[in-house]
Structures are given as structure tokens and as C-alpha cells.
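Reader: I have the model open and would like to go through it. Can we start with the strands and then move on to the helices?

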Amino acid sequence: MTAPTKPSPGGPSDPASSGVPLHAPVIDWFDEHARDLPWRRPEAGAWGVMVSEFMLQQTPVSRVLPVYEQWLARWPRPADLAAEAPGEAVRAWGRLGYPRRALRLHGAAAAITERHGGDVPSDHAQLLALPGIGEYTAAAVASFAYGQRHAVLDTNVRRVFARAVTGVQYPPNATTAAERRLARALLPAEEASAARWAAASMELGALVCTAKNESCHRCPIAAQCAWRLAGKPAHDGPPRRGQTYAGTDRQVRGRLLAVLRDAAGPVSQAALDQVWQEPVQRARALDGLVADGLVEPLADGLYRLPMS
């Protein structure tokens, strides 16, 4: 195969033709190396796929697995979750982080129960209309649960496409229209192959084409990778966003929620005051939790996880 020339930073001149030689090696690699994850098994169903997609946002698989298993054992169908208070979803979310995802998943479960008879819809537009479901999650559920042809663009896929096709080390900080066009152009024409390609390119980014210390020697498309062929030029775009936690409001919110999750009933302000010494930041974090619907204030300075 003739080595491709490095595309311009704006994207490949013919991304559709660029994708064709990538499909088979990536899908073949996935068939051999894909992790055996519970949401990939047939018995997971569309609800299991949806739960996994909510939990995996900005959270590694190793942290998700035990919470996912407990969640599905307790709430095997959307209606089971919808019947519980939203605070129970927050409690069960544990320390996965970004707990608003738990409220959004609860809201989606309630809508599925009310609008779709308790079955996760297969129609992309109906998925997108559910509360808490954005373009990525709707495409992921439609693709992974129902085998449909959609561009599924998470951070791992965007990084694979940036390197293999566009020839740069990292994608932009936020998904661009150009990336969406490229992803659609790279989709295989046949539905089942497109769904497999979506899962395979995501797994390639998670296991091989990682953000740091990429394993090009294990990559099935290393010989065609525009970034590798260009000599792996260093990232020259805007600084990549780093994530900090220690000392942030996120940390304070997490500690406040931990007290409420572990309590059998309402918690006093005095008990919450023990989790963080700096009063202004503590109050700001608690106010934020209340505003986000994650904590419900009661009379006499008491707080609890939300009941409605």
C-alpha cells in the first residue's frame, strides 16, 4: 500500500476513501483484542448499554465495573430505577464522580417508562429527546445496542481519527464540526460494519492509541497512520485541559455527598460542617449541590438526598 501523505490540518482531502483501508484491520484487531465487558454482552440489552454510557463519561472502566454490576442487579430495567427516589440513584452512584449523571440517568429512566413503555427506544431522535441524553449518548446507544450506523465520537475515537487521518497528535479540546464531518465520512456504508467500526475505533483509542505512551507497535493501522508517518509532530494547538481535584469545589462537593450517602436519614448542618474547614468554599459547594438538585434542604438546618 502506498504511504499516504500528511493531510493538511483542516482534514483529509478525501476522508471517505481514507477510511476504507482502515476498517478491516481495526475491526479484525477488535475481534481479537476487545475486552470482555458486561455491557458488550447480549444480555446487557439497551438499558445496560445506556447505563454504561452514562457511567463511563470521564470515568475509567475499572471504577465503573463494580458500580455498574450493582446498579443493574438492583435496577435491571428503567422502570425499576424510575420507581425509586432520585436520591437513591445518587446514593448508588457512590464515588464515580460527576453525580449529576445519576440524576440525569434517573430522569431518562422515568421518561423511558412514561413515553416508551419501559423499553429504551431504538430511534435516534427519540433517544436524543430523552432528558440527559446528548448527541454522543444517543449515537452510542443506537450503535452499540441496536447495531445502527452512527458516528460515535468520544475522546478515544477523536484521538484515533486525529492521528490516523488528520495527522495531529491530539484533537481539539472541544468536538468540532469538522470532526463530525470526518467521522461521518469514515463510517462504513453497511450498518453492522459501521456499528462494529464505532466500537473498534473506540477500543483502539482506549487500549493502544492512548493519550500518553501510545503503543504504535501494537496498532493495526500504524503503517497508514498520518501522524506516525509525519514523524509524530508534537501538539502545537491550544494547551490541553488538565483535570485537578485536590482542593477544588468538586472535592468539597464529593465529601458533602459522601456524608449524605452514608446517612440513613437527614443530616444536620453541623455534621456537614465537619467535612471541610474553609467555610466560604464549603457553603459554596453545598449551595451548588442544592442548585443542581443533588441535595434537598429541609427545615431546621437539615439536608438529605433528593426525594423527588
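**Strands, helices and cores**

Author: In β3, S268 has L302 as its bridge partner. Keep in mind that this is a predicted model.

Reader: How many bridges pair β1 with β3, and in which sense?

Author: β1 and strand β3 (residues 302–304) pair over 2 bridges, in the antiparallel sense.

Reader: What is the strand order in the sheet?

Author: The order is β1-β3-β2 in an open sheet of 3 strands, with antiparallel pairing. β1 (267–268) and β2 (296–297) each have a single partner strand and stand at the edges, so one side of each is left without a neighbour in the sheet.

Reader: Helices now. At what angle do α2 and α8 pack?

Author: The angle between helix α2 (residues 45–56) and helix α8 (residues 135–146) is about 140°, and their axes are 9 Å apart. The crossing of α2 past α8 is right-handed.

Reader: Which residues make the contact?

Author: From α2 they are A46, V49, M50, E53 and F54; from α8 they are Y136, T137, A140, V141, F144, A145 and Y146. By type, the residues of this contact are 10 nonpolar, 1 polar and 1 charged.

Reader: And the largest nonpolar core, which residues have the most contacts inside it?

Author: W47, M50, M55, W71 and L105 have the most contacts inside this core of 51 residues. α2 gives the most to the core, with 7 residues.

Reader: What is L105 in contact with, leaving aside neighbours within four places in sequence?

Author: L105 is in contact with W47, M50, V51, F54, W71, L81 and W93. Another core, of 30 residues, lies apart from the largest one and has A140, V165, L187 and C219 among its residues.

Terms used
Residues are numbered from 1 along each chain as its sequence is written. This is a predicted model: local features need pLDDT of at least 70, side-chain atom pairs count only at pLDDT 80 or more; totals for chains, interfaces and linings use all residues. Side-chain values use heavy atoms; hydrogens and water are left out. Axes are lines fitted to C-alpha atoms, for helices over the stretch in contact, and angles run from 0 to 180 degrees between N-to-C directions. Helices (H or I, at least four residues) and strands (E, at least two) are DSSP runs, numbered from the N terminus. A crossing is left-handed if the near helix is turned anticlockwise from the far one by less than a right angle, and right-handed if clockwise. Contact means heavy atoms within 4.5 Å. Ala, Val, Leu, Ile, Met, Phe, Trp, Tyr, Cys and Pro count as nonpolar, Asp, Glu, Lys and Arg as charged, and the others, Gly among them, as polar. Two strands pair if DSSP finds at least two bridges between them. A nonpolar core is a set of buried Ala, Val, Leu, Ile, Met, Phe, Trp, Tyr and Cys residues joined through side-chain atoms within 4.5 Å. Buried means under 20% relative accessible area, exposed over 50%, partly exposed in between (1.4 Å probe, protein chains only).
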